[in-house]
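Please read it alongside the sequence and the coordinates.

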Amino acid sequence: MPRRLFARSTWPEAQYVASVLRSETTGGFLMLVAAATAIVWANVGTDSYEALRTATIGPSALHLDLDLATWAADGLLAIFFLVAGLELKRELVVGSLRRPAEAALPIIAAVCGMAGPIVVYVVVNAIGGGPMTGWAVPTATDIAFALAVLAVIGSRLPSALRAFLLTLAVVDDLLAILLIAIFFTTDVRIWPLLGAAAILVAYDLMQRRDIRAWWLYVPMGVVAWALMHESGVHATVVGVAFGLLTRAHRKEGEEQAPAERIENRVRPFSAVLCVPVFALFAAGVTISTDSLREVFTQPVALGVAMGLVVGKAIGIFGGTYLTARFTRAELSNDLTWGDVFGLATIAGIGFTVSLLIGELAFRDDAHNAELVKTAVLVGSLLAALLATIVLGRRNVIYKRLADEESRDDDHDGIPDVYQAEEPGTRP
């Protein structure tokens, strides 16, 4: 019997995915509000908005006298990437990525979903004579923004597709932080970097010895972040590193592993505060007919927008389709390749990390930095509209599948469909 793509997961895994998606959806709505506020503020009160973004706080003796926009990008997003690291560690140890056969699809889709936008950006800018500096901007998927859009359009994607989107975004976040660490690091200072690495080694040893001391871990994280910032490597790398070093398997007598426990406590803070605040400081661009025209006429902006809308969709869909062809796997009976394409289009919403990479890529080019921000917003909006069209036509079927997955006729707290079949064997 051929292997089924997007087969239904186990009930515990479905519960975990559902809890994560609820938190991310809430954060996505808050991020949308923050982004809209930033855009309106930047256009109505440009001077006050810029004054807030550039207000400097922090101890200058420690080289941490940073403006608020930098604190949001380097500090608050380190917490965002901590959650991403914890989530990835869980997926690698006890989640879907622990099984090579199941891990292959989201990993291949994520890699192709980053390669597609890069190719589109490079081609557009090679033809138009634009700067290649922004090649990495359209590579990221914003899971919170995507889920908020799904909620707005009322699309109840089957749990398997939602789980795939979540796993895809987790792998995407790891690849994005690698791009940031490798390609957007300049003037590395070795001693602060070694200091941060020493703290990470100490943390790893403490995790292996099962030392529970949050009062010690928090200062270690803060010092490691400051040292990484001083080293010249983007400080958000520390967040992912701490997440990946946290123990994710449960020991006998534990209700939750440390990674799961920390993620449950930190994720709400990241979703409702860190990402929305970053959006408030990063999304404020001046919108005019000239700036919108430049999005479709200037190669740097057109490459970013087309990378998100076209590159992401083709990359993820193509990677998934080729994986199915070469492994002779088949889609679950209730799904079509149109559903997979709809999922690929909504992955073109690349807000948080795309804005961050845009700031890093054009830190010395204010005009292109603003242009890229506008392109990210326009590209994400177009991807959302395309996903609305593609997924909207299947909403009746999605609603039927969602009702099937939630039906609990015996009232035992577990949907009947998870008791009637073995995981991964859905006909």
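In this predicted model, the lining of the largest cavity is made up of 11 nonpolar, 3 polar and 5 charged residues. That cavity holds about 170 Å³ of space, and a search of the whole structure finds 4 cavities of 30 Å³ or more.

**Lining of the largest cavity**

- Among the 19 residues that line the largest cavity, those closest to its centre are Glu24, Phe80, Ile143, Arg267 and Ser270.
- Two or more lining residues come from each of helix H1 (11-44), helix H3 (68-93), helix H5 (143-153), helix H6 (159-183) and helix H10 (258-282).

**Nonpolar cores**

- The largest nonpolar core has 114 residues, of which Phe6 and Phe351 touch the most other members, and H6 contributes the most to this core, with 14 residues.
- When neighbours within four places in sequence are left aside, the contacts of Phe6 are Leu105, Ala160, Leu161, Phe164, Thr320, Leu331, Ser332, Leu335 and Val340.

**Helix H4 and the residue that follows**

- Helix H4, which covers residues 100-128 and so has 29 residues, reaches 41 Å from its first C-alpha to its last, close to the 42 Å expected at 1.5 Å a residue.
- Just after H4, Gly129 adopts a positive phi of about 70°.

- Most residues other than glycine have a negative phi.
- His63, although not a glycine, has a positive phi of about 60°; it lies in the loop between strand E2 (56-57) and strand E3 (66-67), and its relative accessible area of 46% makes His63 partly exposed.
- Asp210, which is likewise not a glycine, has a positive phi of about 60°; Asp210 is placed in the loop between helix H7 (190-208) and helix H8 (214-231), and it counts as partly exposed at 29% relative accessibility.

**Ile414**

- Ile414 is found in the segment after helix H16 (395-406), where, leaving aside its neighbours within four places in sequence, it is in contact with Trp11, Asp408 and Gln419.
- Ile414 and Ile57 are 357 residues apart along the chain, and their C-alpha atoms are separated by 51 Å.

Note on methods:
Residues numbered from 1 in each chain as written. Predicted model: local features only at pLDDT ≥ 70, side-chain atom pairs only at ≥ 80, totals over all residues. Heavy atoms only, no water. Helix = DSSP H or I, 4+ residues; strand = E, 2+ residues; numbered from the N terminus. 1 Å grid on protein atoms, 1.4 Å probe; cavity = no way out; pocket = protein on both sides within 12 Å on 5 of 7 lines; lining within 4 Å. Points joined across faces, edges and corners; volume = space filled by probe spheres on them. Nonpolar A, V, L, I, M, F, W, Y, C, P; charged D, E, K, R; others polar. Core = buried A, V, L, I, M, F, W, Y, C linked by side-chain atoms within 4.5 Å. Buried < 20%, exposed > 50% of the residue type's maximum accessible area, 1.4 Å probe, protein only. Contact = heavy atoms within 4.5 Å.
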